Every structure is written in structure tokens, then in C-alpha cells.
Amino acid sequence: MTEKALRLGTRRSKLAMAQSGLVADAVSQVTGRPVELVPVTTYGDISREHLAQIGGTGVFVAALREALQRGEVDFAVHSLKDLPTTQPEDLVLAAVPEREDPRDVLVARDALKFTDLPRGARIGTGSPRRMAQLNAYARAHGLDIETVPIRGNVDTRIGFVKNGELDAVVLAAAGLNRVGRSEEVTDFLSVDTILPAPGQGALAVECRAGHTAQDAALAAELAELDDPHTRAAVTAERSLLAALEAGCSAPVGALADLLGDGQIVKEMRLRGVVGRPDGSALVQLSTTGPVPQTHEQAMALGRELATEMLAQGAAGLMGERAQ
């Protein structure tokens, strides 16, 4: 008798299905069981409003979490940057697999790089974080750009460039890599130019907290996909976001990376940025400490940097602070 398939809850978008497919294959290898994808429509997928108006990227997560809580799926895969920073008590983040490229990228007409865009270039993005940093960089380097708010999936966004409506769009490298469209990237935006969203490029594998023996066994198996360095990094980034009391749609960028010489990792550096979407003001700071060995140490790194950023006036740049 073949073992019953595990049900993996996923958003319906092409990118979400691709990401979930990668995790499904890995889970099958670990558990020896088939995994079937169960597509779930979330409010964020059907609403055409801008994310900031409908509650930030958390709107992509709620329906998946409800399907988990009702027992309709056994586990779910999220883009980590979409997860609200508060974790429901009855669910557990069982694994954060090794992170993809966290950078933002430009897809521009005529294969242009960011610094080669013509004066008045229209750049599409749905992210206040990207707007703030693009506009700040442009101000500092004498570039003349206009950031244009857009929504939609990868096809829709790249379509704005192909049909001539926009000169360029900014997307996450990880998403394009996962749907096999990285050849369309015209410029990789250095993290020194644009810090990514907290958790960008990482996936979150979530399941029910071990209230039954089955739940506990599945959580233990899923934990084999966890990458400790990725988890420490994204925990520090999300701790910064939480300590700034900012929601997923706030103009906050953060990246934790490991510093070392050769093969020996010595420290973790956490960088954070908050800015007005028009780029007129930015608070950008970094802190470096020993590589966190525990969840609490990673959280502390994020809180420490948030405290310094708030002291520099970060709260006033975020508009309404999420309650």
C-alpha cells in the first residue's frame, strides 16, 4: 500500500507554484511520501488594490494559514517576505530552506542598466521600499527617474516594459530564477544600492504545531530542510522589521549576511534602511556581531539595529506605523 500523499498548500500564481514544487520535491525525498500541491486563492491574489491599502503582503498568507488550521492541507509554503512578523501559536515555521539570491533586479527596455536609463525614465514597482531607495539613489547621483506604482504577476510586470508603458520594472531576482526567467534581467541591483525586503529570496515552510503525533512527526521531517544560516539571517531581518513596528508593506529594507575570510564565517552583519517613498530622506545603518547561535541572539541583533534606527528618526519616515 502506498503512503497517503502529503497536501502542500500554495498560492496559485506561477511563481508560488514553482516555489512550492521545489519544496514538494525536497519533502518527498526526506519523507519518502508523494506530495500533492493544493492551490489556495488568497485575498491578495484577487484584489487589485495596492498592497499598502489592503494590509500589506500578509494578505497572501491568511488563507493558507486558515487551510492549515482547518486541516485541509498538511503544510504550506510562503515567500518569507510575505509572512507577518507575529507567528500564530498553533502553527510552526518548520523550515527555512537555503536562501535564493536576495537581490532586486531591473528588467529594462533595450537591455539598459539602471544608471543608463534616459532622463525621466519611468520605473515600475509596487514596493514603497524600492521606491524610497531608487529615488534616494537617483537624487544622490543626479539621475532623473519617476517611480510608478504597479501590481501584478511577473508576466504582467515585464509586460509593462515590453509594451512600452514603462522603461523598466524592479523585481526580485529569486522569483525570476525560480520561474526560469533570469535571462530577462538587464541589471542586478547591488545591495549597496537597494537593500531587499526582510526575508527576500527565502521560503518559509509552515505546518501545525505538534498537537498530534502526526503533526509532530511531520514538523520534525520538514525541519530537515532548514538551513541554519538562512534562518539566523532572516530572523535578524524580521526582528528589525518587528521592532520598527512596521508591516510587510512599510518602506523597510534589511539584509543580514555572513562575513568571514575564506571558509571561516566569523560574524553576521545586519543592514537596515527606512525611507520616504520619494527618496527625500533615508535612515540607513548597519551593525555587526557574532553569528547568532540561537533564535534569541538573532532577534537581539535585529532589535539592537532597530533601536539605533529609531534614534535616528526612522519612525517619522514610515508614515503610519502599523499598530
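Visitor: What radius of gyration does the protein have, and what would a compact globule with 323 residues have?
Guide: This is a predicted model, and the protein comes out at 20 Å. A compact globule with 323 residues would be near 20 Å, so the two agree.

Visitor: What does the C-alpha trace span along its principal axes?
Guide: About 65 × 45 × 45 Å.

Visitor: How many helices and strands are there?
Guide: The protein has 10 helices and 13 strands.

Visitor: And how much of the protein is buried?
Guide: Of the 323 residues, 52% count as buried. The accessible surface is about 14500 Å², with 50% of that belonging to carbon and sulfur atoms.

Visitor: What share of the contacts with a separation of 6 or more comes from residues 24 or more positions apart?
Guide: Those residues account for 70% of such contacts.

Visitor: OK, now the single residue. Where does Q200 lie?
Guide: Q200 is in the loop that links β9 (187–189) to β10 (203–208).

Visitor: Is Q200 buried or exposed there?
Guide: Buried: the relative accessible area of Q200 is 1%, and the cut-off for buried is under 20%.

Visitor: Which residues is Q200 in contact with, leaving aside neighbours within four places in sequence?
Guide: Q200 is in contact with K81, R99, P102, R103, D104, R129, R130 and A172.

Key. Residues numbered from 1 in each chain as written. Predicted model: local features only at pLDDT ≥ 70, side-chain atom pairs only at ≥ 80, totals over all residues. Heavy atoms only, no water. Helix = DSSP H or I, 4+ residues; strand = E, 2+ residues; numbered from the N terminus. Rg over C-alpha atoms; globule rule 2.2 N^0.38 Å. Buried < 20%, exposed > 50% of the residue type's maximum accessible area, 1.4 Å probe, protein only. Contact = heavy atoms within 4.5 Å. Areas by Shrake-Rupley, 256 points an atom, 1.4 Å probe, with all protein chains shown as cover.
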